[in-house]
Amino acid sequence: MEIKRDILWRVYLCFLLVVLVCIVIVGKAFYIQQVQGDYWESMSDSLHQKIQEIAADRGTIYSDNGQMLSTSIPQFDIYIDFEADGLREKNGKRFTENLDSLSYGLSQLFKDKTASMYKQMLKEGYRKGSRYYSLKKGISYRTYQKLLKLPLVREGRNKSGFIAETKNIRLNPYQILAYRTIGLNRSNSQKVGLEATYDSVLKGTPGKRLVRFIAGGVAVPVDESADIDPENGKDIITTIDTHIQEITENALMKMMVSNEATHGCAIVLEVKTGKIKAIANLGRTPSGKYWENFNYAVTPTEPGSIFKLATMLALLSDNKTTLDAPIDLHGGHWPINGRVVNDAENHGNVANVKEAFEVSSNVGMAELVYKNYKDNPMQFINHLKKIGLGSLTGVDIKGERHPFIYTPQSKLWSATTLPWMAFGYNTMISPLGIAMLYNAVANDGVMMKPYLVSAYAKEGQIIKQIQPTKLRTVADSTVVKQLQSLVYGVCNDKHGTGYTLLKDLPFELCGKTGTALVADGKNGYSSKIYQSAFAGYFPADDPQYTCVVEIVNKPHAARYYGAAVAGPVFKEIAERLYTLFVRRNNPNHYAGLDSLKKIGDNYSYVGKTSSFKTVANTLGWKYGYTTKDAAAWSRFYNDDQPKSYLAPLGDVQSGFRQGLKGNKMPDLSGMGLKDALYICEGLGLKVDIKGFGRVTGQSLTVGAPIEKGQVIQLALGNDKKQG
């Protein structure tokens, strides 16, 4: 029994010793991990050395007029080394003396915590002796400069323990402006736009240095003499002009919003060079807002009637027809191989080829192509390929999709493919591809390669200039002149589909309207989604810019014709560019009275007197007054004399001179609706409007007495054609 008890006692003792040892081991492990963890981790880090990459500063993307479109800006992550020698000396005297003022300063600077909260946080970090305590991340350069002036921080890194790590972020200062084209340099996703295309130019070459890691993973250079400095990226200068881009973007945005369109794009090319001066891409987001979410400008679609210029190029080049040749429009409906080609409206039966083009007759174009190429459709198709419509544009931006043109070898070819191709179906061509064609016609037949980057620069100096590239001549001079007369007629002949829209401009332009029914996936064409388009160039007599607008409307949109949707966008862009750039830069379009007389020998404009004076004085126009009476509103006109005249708004011929004074009815003819409403409502009249455009007639006789509440009917010009 004694032996058994003795054995058990020894066993219990051994067990107790084992338990105690285990407790000691666990306790020690806990102490090392939780209490001394930062210390031993820093000791481990301090034993490691490696070659670290030094990032190069990424180059800036500039506009043609010197504005930054995309640039890198520094941001700072702030850490504190609470074991810094200067912070710990004299039992932390420096830390203690500055704690209150530092806490208050941080609270005032970041405004995210109270001074007492910052004080508690700093005391806790100091107590634990954290070597790499994260204070704040992602602060701006301006905020960082203010931080450096705070108590303790201003004493430097060794005494304060404050550590700043710098990183660069990419910023697009203009936000939505050409956003998709410029792109963003994003580390966590695929680059797009110029940031992707010119990545190798912009990113530069990183440097290298040998570093040793201390507490918290902080890298300290071992031997600075062995560093290889980074070579910063080059800047690129684009062809985009921010003024033109803003005009284009705003004009497109207004129409997209008003028509609740699905997506759209607008492109502006410089005729002589092919430089892309603006490229706007807008898509409707799920929230109903619009954003540059996709590059529609380089995405092929069925172009519709703006393709008819290519159709006429082939026909005229092959001597298949002439502009004055008669053609039967079949009353707007032409049965062919089991289907019917339809026009937007009945243009009668007999017309000539030029008129058929100007009224945008699908029947006319389809009949011409089918009858002349049905036995050899490849002759027509080869023309399209010869002028580049079947190839990529070659624009210097990633993501362009290849165009598609049906051929007889395609499984999709049918008996009606060829006639439908004549008016822009069964082909897939990007808006930029269409812009190249119209630009070539504007440029007397020479097709230019479109491009977005004109130069590389380094430290403000141009190191490489990219010159315009001529691709091909699309047709001989005789054919080109005929094509120019066609697009001129669309906009300037009274029966042209663009005439009513553009007739009030103080300059002439050339272009073509287009409307295409767009397929909607499995729903096919039943959703009634239309693409509205307008392609052209201006001014007609000395082309400076080519512009293409394509807008895809919502299903069953009430307004969808090219002249009604894309046309106003084109018009606004053309009008503003003409005013801002063409007249200013080209003496031929800065001739004051002479340029106005291109509209006719006599002209008459109505508006505010002060505005007329400002314009006339600025441009150096000679003008006189028909009366000494002052009036806020006047008629600006000429009568075949070397100078113009300002007359108070009224009946100039009858001597009515009271303008808007008194109770007499002024002459509103030629006035825009906005101004006419302003005047009538100011006189207390109720206005009934018919038509659209400028005032062409008024129910109250000029000079007749008027009373408040009286009704006036205004007739506006309404001879609009669509296509």
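Author: Buried means under 20% relative accessible area, exposed over 50%, and partly exposed in between, with a 1.4 Å probe and protein chains only. This is a predicted model, in which local features need pLDDT of at least 70 and side-chain atom pairs count only at pLDDT 80 or more, whereas totals for chains, interfaces and linings use all residues. Residues are numbered from 1 along each chain as its sequence is written, and side-chain values use heavy atoms, leaving out hydrogens and water.

Reader: Why is Tyr 578 called buried?

Author: Tyr 578 has a relative accessible area of 2%, and the limit for buried is under 20%, so Tyr 578 is buried.

Reader: What makes the pair of Phe 507 and Tyr 578 stacked?

Author: Rings of Phe, Tyr and Trp (its six-membered ring) pair if their centres lie within 6.5 Å, and planes under 30 degrees apart count as stacked, over 60 as edge-to-face and the rest as tilted. The ring centres of Phe 507 and Tyr 578 are 4.0 Å apart and their planes stand at 15°, so the pair is stacked. Phe 507 and Tyr 578 also belong to one aromatic cluster, which includes Phe 534 and Tyr 545.

Reader: Why does Phe 507 count as buried?

Author: Phe 507 has 8% relative accessibility, which is under 20%, so Phe 507 counts as buried.

Reader: How do you know that Leu 16 is partly exposed?

Author: The relative accessible area of Leu 16 is 47%, which lies between the limits of 20% and 50%, so Leu 16 is partly exposed.
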